[in-house]
Amino acid sequence: MELTPIWISIRTACVSILITFFLGVLAARAVAFSKNRKAKMIWDGILTLPLVLPPTVAGFFLLYLFGVKRPIGSLLVRFFGVKVPFSWGATVIAAVVISFPLMYRSARGAFEQVDENLLNAGRTLGMSEWSIFRRVVLPCAMPGVLSGGVLAFARGLGEFGATTMIAGNIAGKTRTLPLAVYSAVAAGDMQLAFQYVLILVVLSFIIVAAMNYFGMKGRSR
């Protein structure tokens, strides 16, 4: 069994969750505590859109944006010499875009469940909004935030559609575990496909156990 897809998937998921976690938390904070209801609804719809779009559609938009003849893609090639499509970086971008809504919505839900009285108490003590978020909201919401991070990690690990569109299925370069399963089945090697599936099942079980742990920890708090 070729181990490269395992390494590519884990590396992609780890890098993407680092990006998704911080972006998701910041976006959730901005939307959750926004006073403009219309802007809140619009931004929530935009940030959640990758969750409801078919992954191949999201991948199409990414390919359209980062193609070498498109505005963003051509700028990256011209000034940095970076070609995004069909590179390992494209697998990370696909995983970030697809997993971001899960992180964002989990963090937002956790922030909105924090007792408003705690926030008001912090304001009466003269704390800034950022200090309240860092010292009050984030610690109280941390189990839900971490649960969202685990869920986003799992989504990035199992991403298939968008990755296929923008990164392709290049052996040893962009072939992740889901793509390895697809390639093995397409080649008629069911035994190899089963081995990759077994690895994904084990990883998924570990992720579910971690989500349950953080959920129980949040309820106990």
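1. Ser87 is buried, with a relative accessible area of 15%; buried means under 20% relative accessible area, exposed over 50%, and partly exposed in between (1.4 Å probe, protein chains only). Ser87 sits in the loop between helix 4 (71-80) and helix 5. Leaving out residues up to four places away in sequence, Ser87 touches Ala167, Lys173 and Thr174, where contact means heavy atoms within 4.5 Å.

2. On the basis of the values: this is a predicted model, in which local features need pLDDT of at least 70 and side-chain atom pairs count only at pLDDT 80 or more, while totals for chains, interfaces and linings use all residues. Residues are numbered from 1 along each chain as its sequence is written, and side-chain values use heavy atoms, with hydrogens and water left out.

3. Overall architecture. The protein chain has ten helices and zero strands; helices (H or I, at least four residues) and strands (E, at least two) are DSSP runs, numbered from the N terminus. Along the sequence the pattern is α-α-α-α-α-α-α-α-α-α. The C-alpha atoms fill a box of roughly 65 × 45 × 25 Å, taken along the principal axes.

4. Burial and surface. Of the 221 residues of the protein chain, 38% count as buried. The accessible surface comes to about 12400 Å², and carbon and sulfur atoms hold 69% of that surface; these areas come from the Shrake-Rupley method with a 1.4 Å probe, and for residues only the protein chains shown count as cover. Among contacts with a separation of 6 or more, 72% join residues 24 or more positions apart.

5. The largest nonpolar core. A nonpolar core is a set of buried Ala, Val, Leu, Ile, Met, Phe, Trp, Tyr and Cys residues joined through side-chain atoms within 4.5 Å. The largest has 22 residues, of which Tyr104, Phe111, Val137 and Val145 touch the most other members. Helix 1, helix 5 and helix 7 are the elements that give two or more residues to this core, and the largest share, seven residues, comes from helix 7.

6. Tyr104 and the second core. Apart from its neighbours within four places in sequence, Tyr104 is in contact with Gly24, Ala27, Ala28, Val31, Asp44, Leu47 and Thr48. A second, separate core of ten residues includes Leu62, Val84, Ala162 and Ala167. Ala167 is also one of the residues touched by Ser87.

7. Helix 9. Seven of the ten residues of helix 9 (residues 177-186) are buried, so this helix is largely enclosed by the rest of the structure. The buried residues are Leu177, Pro178, Leu179, Ala180, Val181, Ser183 and Ala184. Just after helix 9, Gly188 takes a positive phi of about 80 degrees.

8. Ala180. This residue of helix 9 is buried, with a relative accessible area of 5%. Not counting residues up to four places away in sequence, Ala180 touches Pro5, Arg175 and Tyr196. The C-alpha atoms of Ala180 and Tyr196 are separated by 7.2 Å, with the two residues 16 apart along the chain.

9. Ser9. Lying in helix 1, Ser9 counts as buried at 1% relative accessibility. Beyond residues up to four places away in sequence, Ser9 touches Leu157, Thr176, Leu177 and Pro178; Leu177 and Pro178 are among the buried residues of helix 9.

10. The cavity. On a 1 Å grid over the protein atoms alone, a cavity is a set of points where a 1.4 Å probe fits but cannot get out, and lining residues have an atom within 4 Å of a point.

11. The cavity lining. Ser9, Thr12, Thr91, Ala95, Gly156, Leu157, Glu159, Thr163 and Thr176 line the largest cavity. The elements that give two or more residues to this lining are helix 1 (4-32), helix 5 (88-112) and helix 7 (129-157). By class, the lining has two nonpolar, six polar and one charged residues; Ala, Val, Leu, Ile, Met, Phe, Trp, Tyr, Cys and Pro count as nonpolar, Asp, Glu, Lys and Arg as charged, and the others, Gly among them, as polar.

12. Trp130. Trp130 belongs to helix 7 and is partly exposed, with a relative accessible area of 45%. Trp130 and Val150 are 20 residues apart in sequence and 25 Å apart in space, C-alpha to C-alpha.

Technical notes. On a 1 Å grid over the protein atoms alone, a cavity is a set of points where a 1.4 Å probe fits but cannot get out, and a pocket is an open set with protein on both sides within 12 Å along at least five of seven lines; lining residues have an atom within 4 Å of a point.
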